[in-house]
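I record here what I looked up in this structure, entry by entry.

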Amino acid sequence: MRVLAHSYVCPNGTFLNGKLIFDTKAEENPLKFTYQQLGTEYPKFYKMDVLSKMAFIGTELLLPFFPESLDTENDLQLLFANASSSQHTDNQFVDSYEKLHNPSPSLFVYTLPNIVTGELCIRYKWYGENCFFIEKQFNAKNYVEWAQMGFNKGNTLCLCGWIEAKTTGEQECFLFLLSPSRETQTSTETELSTLIKQYRNE
Amino acid sequence: MNKSVYIQYLSLVTPLGTTVEQHLEAFRNGSSGIRIAEKSGFQDSSLPLAKRTEITSNRYDSLLREGLENIQMTLPGNTAGKIAVIVSSTKGNLDLLPEDAFSSTRTIIRQFFPEAPVFIISNACISGVIAINTAADYLLADTYDQVLVTGIDAISEFVSYGFQSLFALSSEACKPFDKSRNGTTLGEGCGIVLVSKEKMLNHAVLYKGGSSSNDANHISGPSRTGEGLVRSIERTFKRSGLSASDIDFISAHGTATVFNDEMESIAFGRTQLDRAPLNSMKGYFGHTLGAAGILETIMSIVSMEQNLLFPNLGFSETGISVPLNIIQHLESREVKTVLKTASGFGGGNASLILQKEG
């Protein structure tokens, strides 16, 4: 298995393949700023929750690295995970009925973590397989296992994401594109574990 | 698929009871778990709900414990260490908000299966079907010998108010595929199946293959063409080496919202499945979200064992643009091969095929 490309979005900045692309340390609204810098026209972006916004930015940057020879419409699998599910929006939705006495449908539709992958599929017209896992922490071994299971059944490319938006303010989105190859699963695991540590400055 | 994968039911806890016999009886008699629940909706409105009234507090944790305690079988793999647990749930325990809603899930599973790795899948209403598909993938990759798949969601203010805000709830017990349907009815339950390499009990059937597909259309509305469901069904046919003519029964999703059921009818028409006997079980269980795929798979296995087709409770007059073969009366008939489908928010669609051995 091979890591074709990776991106990382957090409040401090947006990175592509390890390089800082947009520095947002001084920005009041880092995601809006980054979206504007991308120069992409997709007004739906403004309606999205934090998770979807981060995934949108991270994916836009990875697009040039998708192999053109593959049928991404059907054979691209999306494997996403996080620890806090849709917690950030969940708590906003609770406030909408407990504090404002008006349950908000536009918040409610984002109270599922897999809306993120849905938004990506809508944006890029991807009809492939999706799965969203809730995990205690980023676990490279699990992603590699899930991706391999997907390749075993005929998917040819896998977009993986660790995407977190906690009510405490912690936000990050680490995306990576996996393709089958001769590299061992263990070396891919080590690479992914190292990458996320570097991005997190650990 | 070169290797055999088996699936069998271990436990189900719903408003209809805690044993397969109780559920068989309810399905034979057309008894629904749905009742009007006073003051259960927003601003004390009344809602029809399929609620397990025996539970009075901590609904999610109680339901999960009840489901696990209800397992009637000793699992050999539990000691051998080659067993994993996958939990399918859309929301976990919402009482835990603003903190982690899934923390109690892991703690409770660990009390019953201390050695087993626990994976949680939260992918809206298709979670149950993709959890079974993932379990089979793990067996085929030789990572585990057995995977216990638990589907669970509990009734909550959060989800009720949310569906109310979308005007997606029916004013009476939901009527899947019926002309007068006007929304779904929420339910709760816990269902557990065992997916294994070896046949472990007499009621195990073969899992022949499965897949998912996204509609790429809208985050909270189904595709008008059924594109995602069509692609998932076609992919599942390809993976299982089976086709529409092999299907004896379809356990459809059938939420009873106007748009969902219409979408499914178009998708079944496009895949030449419109003549296959079909039901939605939402009229019995309500929509149990993360548990739906598991509970409906369990009752599909019961259909296969009993060679019985259960009626689509709540249906009387066709109200979809592609007429389907909706089961209206209890019918004895050989049920060898079953297609289970699910569709949900986020554009997800999933399917799997079960078949009797031999």
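I took two strands as paired if DSSP finds at least two bridges between them. Helices (H or I, at least four residues) and strands (E, at least two) are DSSP runs, numbered from the N terminus.

This is a predicted model, in which local features need pLDDT of at least 70, side-chain atom pairs count only at pLDDT 80 or more, and totals for chains, interfaces and linings use all residues. Residues are numbered from 1 along each chain as its sequence is written, while chains are lettered from A and ligands numbered from 1 in the order in which they are written.

Pairing between chains: I found 2 bridges joining E5(A) to strand E5 (residues 118-121) of chain B, and the two strands run antiparallel. Within E5(B), Ile120(B) is the bridge partner of Ile134(A).

Interface: I noted 39 residues of chain A in contact with 44 residues of chain B; contact requires C-beta atoms, placed from the backbone, within 7 Å. On the side of chain A that touches chain B, helix H4 (87-98), helix H5 (105-108), helix H6 (115-124), strand E5 (130-134) and helix H7 (140-152) of chain A each supply at least two residues. H6(A) gives the most, with 6 residues.

Chain A: I recorded 8 helices and 7 strands in its secondary structure. The C-alpha trace of chain A spans about 55 × 35 × 35 Å along its principal axes.

Confidence: the model scores ipTM 0.98 and pTM 0.98.

Terms used: Contact = placed C-beta atoms within 7 Å.
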